[in-house]
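The structure is shown first.

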Amino acid sequence: MALKRTLDVALGTTTLDEQGRPRTVPLGIQGSGATALEDAPELGGEHMLLNIGPQHPATHGVLRLVVELDGEAVVRVVPHVGYLHSGFEKLGEYRHYNQIIPLTDRMDYLAPMANNVCLAMAVEKLMGLEITERCKVLRVIACEISRIISHLVWLGTTGIDIGAFTPFLWMFQEREKFYNLQEAWTGARLTTSMTRIGGLMADIPDGFEDDLRTILRSLLKVMAEVDRALTRNGIWAGRMQGIGALTGEEAINMSLSGAMLRASGVDYDVRKDRPYLDYETYDFEVPIGEHGDVYDRYLVRFEETLQAIRIFEQALDRLPDGPINVDDHRAILPPKHAAMTSMESMIHHFKQVMEGVQVPAGEAYFSIESPKGELGYYFVSDGTAKPVRWRVRPPTFINLSALPKMSEGHLLSDLIAINASVDIVMGEVDR
Amino acid sequence: MNPSAETLQRQFGSAIRRVTESCDRTIVYVDGDRIREILAWLKDDPGEAYNYLVDITAVEYREAGLPIEVVYELFSLGRKVPLRVKVTLPKDQPLEVDSVVPLWAGADWLEREVYDMFGITFRGHPDLRRILMWETYAEGFPLRKDFPLRGRFSRSEQVRQALNAHPEAHYSLGELGIAESYHELPEDMRERLRRGERGQIAAPKGER
């Protein structure tokens, strides 16, 4: 689905000329009579070095940007990451597969359930496990809750970066409702750890479906309000349109994924192109931008939120009864009464607890469309209960690497808008 | 089995070492010296069109004798087909492979991360520096199997190094060269930067 802009603001933004000096731009809307100062004094030409972060609210975490400035124009950006590096990939090599799940929460902590689902599915692919129908639908709901939470936070914080404070409050109010749901389901608001290899930690609680439907109705109302306040707002569009634009070719060349790639007009969504969890049976659209700028990324994420609501409605309608866990003693603990009464179940229980899930030798790469882009987990197993290698393909790490290319030539304030549009979460960038 | 594997064997002959399959994904082991040529062909050949580089990573096995593998995860956006290409690097030889940044700009940070974590050098990479660990990190390469989980240095040694680091060494020499503030630094600080306290970076041009 290609998104059509209803508004195009023609505000000139500063660019660099052939000599690398910023072009002077007249203030005001073009054609209103304002003229550039033809004989503006030559201001030295000495470049300034500005350090932003690692402790700065506009860097969305502990990102540090060293910026070379010519006046107010950005000449060069050198991002420094790693301040939140926790060595998760190394830690994973010393843990059983189920013990890795809590580590995944802490990577993209704005979308923990999507990370949990991806890990479980990667290991299930390696083991050749087929999960139950109810589990599939519940995992879809989990992924889409993550998508909505992540996009809400993105919209709120981006609004603040650009100077709109109110959407932040609306968004966080809505997010709280989803966090309440998440808490009722998993017992945690942030670190959910809700999947297990072969199933889920728990089924949804009573009343979950009705609560979710109620929240979706209020979310739709709030999104309509945001749409009214922002989408055709001249300041909002002026700060975003034509800023940080990438062509589709450039975006592919930089391995971008998620909204960053789709805003540039590339139709790539893992849910459609390599369907998992029966996403091919859901009726939803993948929004595609055409300009690849910050504004199109906003439109794409906005539309994705609305599409997630559609997916929710279909998932709730089709949610089947039945078990949430596979009936396979290799992966799932036997029920308590069986472990206490049958010798065989007791042995399975003991081996599961003491030795962990045994995964056959081999390797598997599994990726999902996380809210930030293509999130992939790559496991190499040598047949023991602990992986030889656990690699995370972090979407925001790769998306962030395009920041210098996108922001050079723009103004310093545009750099903040461009950085916001990448939708980084440093827990995942640094891992 | 992905038909690209067979095409590759026809096209490159002995440069394709072997082809295996794991979890329905075809894995092609190729000659390390020709990796850039092979990936360029896979990217540009209209019949293959693996135009999207998903990931670059490396794997070291627990058995000490097995070589380290560099893994390239490719995807064709047009044909919707994935392919995994691997290069093996024996541990008794220098861990070096050609960079693919000329093919995909997205390989830049991915290769830096592999270098940072495994110590594999990518020949021709424009800016091969550590990325997740800091530039003066001296304990080695964290994801190697001989690297202990708790790190090489004791906690007290790590604290000692942190306390001894110059608190003003925020910028690399290259960055300081931009603002020409390098020359305003005190002599001892300049000396420490030149010795590589912030890593090995070329001396600033136009020394006054």
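## Contact between chains A and B

Glu113(B) and Arg391(A) form a salt bridge, with their closest N and O atoms 3.2 Å apart. The coordinates come from a predicted model. The rule finds 8 salt bridges across the interface of chain A and chain B. By class, the side of chain A that touches chain B is made up of 24 nonpolar, 11 polar and 20 charged residues. Polar contacts between chain A and chain B amount to 26 residue pairs, with both residues at pLDDT 80 or more.

Chain A contributes 55 residues to the contact, and chain B contributes 54 residues. The area buried between the two chains is about 4,500 Å², and carbon and sulfur atoms give 56% of this area. Leu49(A), Lys90(A) and Glu363(A) supply 15% of the area that chain A buries against chain B, more than any other three residues.

## Strands of chain A

Arg391(A), the salt-bridge partner of Glu113(B), belongs to strand E8(A), where Arg389(A), Arg391(A) and Arg393(A) point one way. Trp390(A) and Val392(A) point the other way from E8(A), and all of these residues are buried. Strand E8 of chain A spans residues 389-393; 5 of its 5 residues are buried, so the strand is largely enclosed by the rest of the structure.

E8(A) runs antiparallel to E7(A), and 5 bridges join the two strands. Within this pairing, Val392(A) in E8(A) is the bridge partner of Tyr377(A).

E7(A), residues 373-381, is also joined to E6(A), by 9 bridges in an antiparallel arrangement. A hairpin of 2 residues links E6(A) to E7(A), and Ser370(A) stands opposite Gly373(A) in E7(A).

## Strands of chain B

In chain B, strand E5 (residues 81-89) pairs with E2(B) and with E4(B). Strand E2 (residues 25-30) runs parallel to E5(B), with 4 bridges between them. One of the bridge partners in this pairing is Arg84(B) in E5(B), which stands with Ile27(B). E4(B) and E5(B) are antiparallel over 9 bridges, and Lys86(B) in E5(B) is the bridge partner of Val71(B). These two strands form a hairpin with 4 residues between them, and Lys80(B) in the turn has a positive phi of about 60 degrees.

The pairings described for both chains are listed below.

| Strands | Direction | Bridges |
|---|---|---|
| E6(A) and E7(A) | antiparallel | 9 bridges |
| E7(A) and E8(A) | antiparallel | 5 bridges |
| E2(B) and E5(B) | parallel | 4 bridges |
| E4(B) and E5(B) | antiparallel | 9 bridges |

## Tyr61(B)

Is Tyr61(B) buried or exposed? Its relative accessibility is 15%, so Tyr61(B) counts as buried, the cut-off being under 20%. Tyr61(B) lies in the loop between strand E3 (52-59) and strand E4 (68-76) of chain B.

Setting aside residues up to four places away in sequence, Tyr61(B) touches Glu363(A), Val380(A) and Val388(A) in chain A. In chain B, Tyr61(B) touches Leu66(B), Pro67(B), Glu69(B), Lys86(B), Lys91(B) and Lys145(B). With Glu69(B), the contact is polar, side chain to side chain, at 3.1 Å. Glu363(A) is also among the three residues that together supply 15% of the area chain A buries against chain B. The C-alpha atoms of Tyr61(B) and Gly106(B) are separated by 26 Å, and the two residues are 45 residues apart along the chain.

Technical notes. Residues are numbered from 1 along each chain as its sequence is written. Chains are lettered from A and ligands numbered from 1 in the order in which they are written. This is a predicted model: local features need pLDDT of at least 70, side-chain atom pairs count only at pLDDT 80 or more; totals for chains, interfaces and linings use all residues. Side-chain values use heavy atoms; hydrogens and water are left out. Contact means heavy atoms within 4.5 Å. Buried area is the accessible area (1.4 Å probe) that two parts lose on being put together, summed over both. A salt bridge is a side-chain nitrogen of Lys or Arg within 4 Å of a carboxyl oxygen of Asp or Glu. A polar contact is a pair of N or O atoms within 3.5 Å; within protein, one must be able to donate a hydrogen and the other to accept it, and residues adjacent in sequence count only if both atoms are side-chain atoms. Ala, Val, Leu, Ile, Met, Phe, Trp, Tyr, Cys and Pro count as nonpolar, Asp, Glu, Lys and Arg as charged, and the others, Gly among them, as polar. Two strands pair if DSSP finds at least two bridges between them. Buried means under 20% relative accessible area, exposed over 50%, partly exposed in between (1.4 Å probe, protein chains only).
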